[in-house]
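I opened a new notebook page for this structure. I wrote down each thing I looked up, in the order in which I looked.

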Amino acid sequence: MITVLPVEDKARLEALYQKEKLPLTPGSAAVEARDGEESLGYCLFEVGEGHITVTALTPETDRYMADGALRSALHVAVTRGIPAAYYADTAPVQLLTSLGFIKNDENRELDIGKLFSSCQNCGGSCE
């Protein structure tokens, strides 16, 4: 069974950040999609004052898995009362664009409200 959950284990969080060659900070967080022990993808993000910033999203070759990981990260933000989401230079902009989550490209804002709408990426064929 596939689960997409926040990464609570500090060693695992550190390993994911090292894999992406990103610095681990006090605000570093992640959600990871797993099938048992197998990692299927993840979303790395930084938690700031009133916002999160997505720094990495994988897998870029599986839009559905990436969509699920991104939605899970945005859900973490919402449950923490964080109203805004952005993306960093290191985030896969083409993937975020293809998923339809970019709200404002100029200030790198993600559409956190899209979390509350159904997936539009499959054209309704996944229901």
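**Entry 1: Lys 103.** I started with Lys 103, which lies in strand β6. The model is a predicted one. Is Lys 103 buried or exposed? I found a relative accessibility of 53% for Lys 103, and the cut-off for exposed is over 50%, so Lys 103 counts as exposed. I then listed what Lys 103 touches, leaving out residues up to four places away in sequence: Glu 109, Leu 110 and Asp 111. I also checked Lys 103 against Lys 114, which is eleven residues away in sequence; the two C-alpha atoms are 9.4 Å apart in space.

**Entry 2: the sheet.** I looked up the sheet next. It is open, has seven strands and mixed pairing, and its order is β1-β2-β3-β4-β5-β7-β6. Which strands are at the edges? They are β1 (2–6) and β6 (102–104), and each of them pairs on one side only. Strands of a sheet pair through backbone hydrogen bonds, in either the parallel or the antiparallel sense.

**Entry 3: strands β2, β3 and β4.** I went through two of the pairings. β2 and β3 are antiparallel, with eight bridges between them. Here Val 31 has Cys 43 in β3 as its bridge partner. β3 (residues 38–48) and β4 (residues 51–58) are also antiparallel, joined by seven bridges. In this pairing, the partner of Phe 45 in β4 is Val 54, and Gly 48 stands opposite His 51.

I then looked at the turns. The hairpin of β2 and β3 has two residues between its strands, and Gly 36 takes a positive phi near 65° there. The hairpin of β3 and β4 has two residues between its strands, and Gly 50 takes a positive phi near 80° there.

**Entry 4: helices on the sheet.** I noted two helices that pack on the sheet. Helix α1 (residues 10–19) touches β2 (28–35), β3 and β4, and its direction makes about 95° with that of β2. Helix α2 (residues 63–79) touches β1, β2, β3, β4, β5 (84–87) and β7 (109–110), and its direction makes about 160° with that of β4.

Leaving aside neighbours within four places in sequence, Ser 72 is in contact with Val 4 and Val 31.

**Entry 5: the cores.** How many residues does the largest nonpolar core have? I found 25, and those with the most contacts inside this core are Cys 43, Phe 45, Leu 57, Leu 70, Leu 74 and Leu 110. β2, β3, β4, α2, β5 and α3 (93–99) each supply at least two of its residues. Helix α2 gives the most, with seven residues.

**Entry 6: the largest pocket.** I looked up the largest pocket and found about 200 Å³ of space in it. It is lined by 15 residues, and Val 7, Glu 8, Ser 28, Ala 29 and Arg 80 lie nearest its centre. The elements that give two or more residues to this lining are α1, β2 and β3. Strand β2 gives the most, with three residues.

**Entry 7: backbone details.** Where is the cis peptide bond? It joins Thr 58 and Pro 59, with omega about 5°. Pro 59 is in the loop between β4 and α2.

I noted two residues other than glycine with a positive phi. Lys 21 has a phi near 55° and lies in the loop between α1 and β2. Arg 108 has a phi near 60° and lies in the loop between β6 and β7. Lys 21 is exposed, with a relative accessible area of 73%, whereas Arg 108, at 33%, counts as partly exposed.

**Entry 8: Gly 113.** I ended in the segment after β7, where Gly 113 lies. Gly 113 has a relative accessibility of 39%, so it counts as partly exposed. The C-alpha atoms of Gly 113 and Pro 6 are separated by 20 Å, and the two residues are 107 residues apart along the chain.

Notes:
Residues numbered from 1 in each chain as written. Predicted model: local features only at pLDDT ≥ 70, side-chain atom pairs only at ≥ 80, totals over all residues. Heavy atoms only, no water. Pairing = 2+ DSSP bridges. Helix = DSSP H or I, 4+ residues; strand = E, 2+ residues; numbered from the N terminus. Contact = heavy atoms within 4.5 Å. Axes fitted to C-alpha atoms, helices over the stretch in contact; angles between N-to-C directions. Core = buried A, V, L, I, M, F, W, Y, C linked by side-chain atoms within 4.5 Å. Buried < 20%, exposed > 50% of the residue type's maximum accessible area, 1.4 Å probe, protein only. 1 Å grid on protein atoms, 1.4 Å probe; cavity = no way out; pocket = protein on both sides within 12 Å on 5 of 7 lines; lining within 4 Å. Points joined across faces, edges and corners; volume = space filled by probe spheres on them.
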